[in-house]
Amino acid sequence: MQGTYKARRHVAGARLCAVLAAALMLVSCSAGSTIGGGQDEDKLVVALTGEPVNLDFTTTAGAAIPQAMMSNVYQGLVALDQTGSIRPLLATSWETGNDNKSYTFTLVEGATFSNGAPFDADDVKFSIERVKSDAWLNGLKSKMDVVDDVVVNSPTSVTVNLARPSQAWLYSMTTLVGAMFDESGIEDLANNPVGTGPYALAGWARGESISLTARDNYWGAAPGIPEVTLRYFSDAFATTNALSSGDVDVIYNMQAPELLSSFEANPDYQVIEGTSNGEVILSMNNKAKPFNDKRVRQAVLHAIDNKAVRDTAWNGLGTLVGGPVPPTDPYYEDLTEIYPFDPAKAKALLKEAGAEDLKITFTVPTRPYATAVSKIVQSQLRDVGINAKIRSAEFPAVWLDTVFKRHDYQLSVVLAVEARDVLTMFDDPNYYIGYDNTKIKAEAAAADAADEANYVAGMKSVVRTIVDDAAVDTLFIFPNISVAKAGISGLDANSLTEALSLAPLAWS
């Protein structure tokens, strides 16, 4: 399903300065770019939130690393386009065989890594086998469990044999688990990434920015802008201030939707609205009291008015879905009617569970969406007798350690952006949510091994089981909203993988 795209430019602009002057009293150092004349078309500055703790997504979870590294420094054999379709990348084509249990890829010729090493079939074998090894610690490695072996046929041909047919595997190869590595370039992935992509790492000022520079020896078309800086802001208002002052050129995935109208009304900017596969998840620790009781989880879902949460926290932007699957996935269903907003039902369930007047801790990451959502959720839970004490957790480091790694939490909220991640979240009882996957494991495996129609039907059934169990509350699908200077082209509207692809961007 193709996400919506709107690039809107309007001609009135008087409100911008007034709104920003009232809301923002921040001053940033100039990056040298200006609106109008004098623009350096060899440089671009993109504002982001959530700086990576390191640059090695093979050992570290979170979306910030692949957002910066995938598509730019690293590439896979295949990639996703804006419609969600799989397209060739380092593989020019592929064929399936053995009842869809094998994939034979024909590789591009002449591709090299940023350290100068040539890319060939041996690198494919090394990269896939490394995901399956102990060297990979990122939990997404489970997407490669279905691989039986990898056979090098020639320098430009490689066959991947699966233990069983899998509808999901080729799609997984478009994500970070499909990234190609050079065996001689993995010594310090946390600080020195080596990939086949159009950019190489030029510098990293921790706590501030990552600088990328176009590779002279890149195998494909040269990037539209040779030097790109990713600047990280912890404050959503600081990003809008930086754009209005000319210190940055793009805000990607804007975190201050209340200021959108000001940019829409100014011809110097364009607002690009699209969709994403990111679910804003209200996470309940299914293994910890009180949320190890299904009735308490169900009470939470009935206590939360998701539409009010979205409308208040995110200006009505985003999609209500009722389950942990975005509309861009093939097995999406609108499940919003399963747990309608019903405070009386919530109170009855809490009474039945012997869990009235609950006191819980709500661990909230330091991200704008999470802060905005948590206040509303806290208020709505209080109305049914759940007193949620908010505990702020610095993101990513503290939240990842406390919630994601050690599972030391009761209630949390996070934007889950990994592509088609429903089984990552719920088919692993050791994942931080702690869902009992025995209820879905067999059906999920059978669906993956089936033909496309039965795969979709089976996965819909799996998702319904998860929702019936009230494992989490999917508050809404996060919109992908970017604001850019009017002269920039090539920015993707939709965010269907973790990657922010920079090579297509150009000054027009």
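A pocket, on a 1 Å grid over the protein atoms alone, is an open set of points with protein on both sides within 12 Å along at least five of seven lines. In this predicted model, the second largest pocket holds about 560 Å³ of space. That volume is the space filled by probe spheres set on the points, which are joined across faces, edges and corners.

Local features need pLDDT of at least 70, side-chain atom pairs count only at pLDDT 80 or more, and totals for chains, interfaces and linings use all residues. Residues are numbered from 1 along each chain, and side-chain values use heavy atoms, without hydrogens or water.

**Pocket**
- The second largest pocket is lined by 30 residues (lining residues have an atom within 4 Å of a point).
- Ser71, Ala79, Leu80, Arg87 and Ser501 lie nearest its centre.
- Strand 3 (residues 78-80) gives the most to this lining, with three residues; strands (E, at least two residues) and helices (H or I, at least four) are DSSP runs, numbered from the N terminus.

**Nonpolar cores**
- A nonpolar core is a set of buried Ala, Val, Leu, Ile, Met, Phe, Trp, Tyr and Cys residues joined through side-chain atoms within 4.5 Å; buried means under 20% relative accessible area (1.4 Å probe, protein chains only).
- The largest core has 71 residues, and Val280, Val373 and Phe426 are among those with the most contacts inside it.
- Helix 14 (residues 452-468) gives the most to this core, with seven residues.
- Leaving aside neighbours within four places in sequence, Val373 is in contact (heavy atoms within 4.5 Å) with Val280, Val309, Ala313, Val413, Leu475 and Phe476.
- A second, separate core of 67 residues includes Tyr103, Phe126, Val158 and Trp204.

**Strand 19**
- Six of the six residues of strand 19 (residues 480-485) are buried, so this strand is largely enclosed by the rest of the structure.
- Strand 13 (residues 269-274) runs antiparallel to strand 19, joined by six bridges; two strands pair if DSSP finds at least two bridges between them.
- Tyr269 has Lys485 of strand 19 as its bridge partner.
- Strand 12 (residues 250-251) is also antiparallel to strand 19, with two bridges, and Ile251 is partnered by Val483.

- An open sheet of four strands has the order 5-6-8-7, with antiparallel pairing.
- Strand 5 (91-97) and strand 7 (147-154) each have a single partner strand, so one side of each is left without a neighbour in the sheet.
- Five bridges link strand 6 (residues 102-107) and strand 8 (residues 157-162), and Thr106 is the bridge partner of Ser157.

Terms used:
Buried < 20%, exposed > 50% of the residue type's maximum accessible area, 1.4 Å probe, protein only. 1 Å grid on protein atoms, 1.4 Å probe; cavity = no way out; pocket = protein on both sides within 12 Å on 5 of 7 lines; lining within 4 Å.
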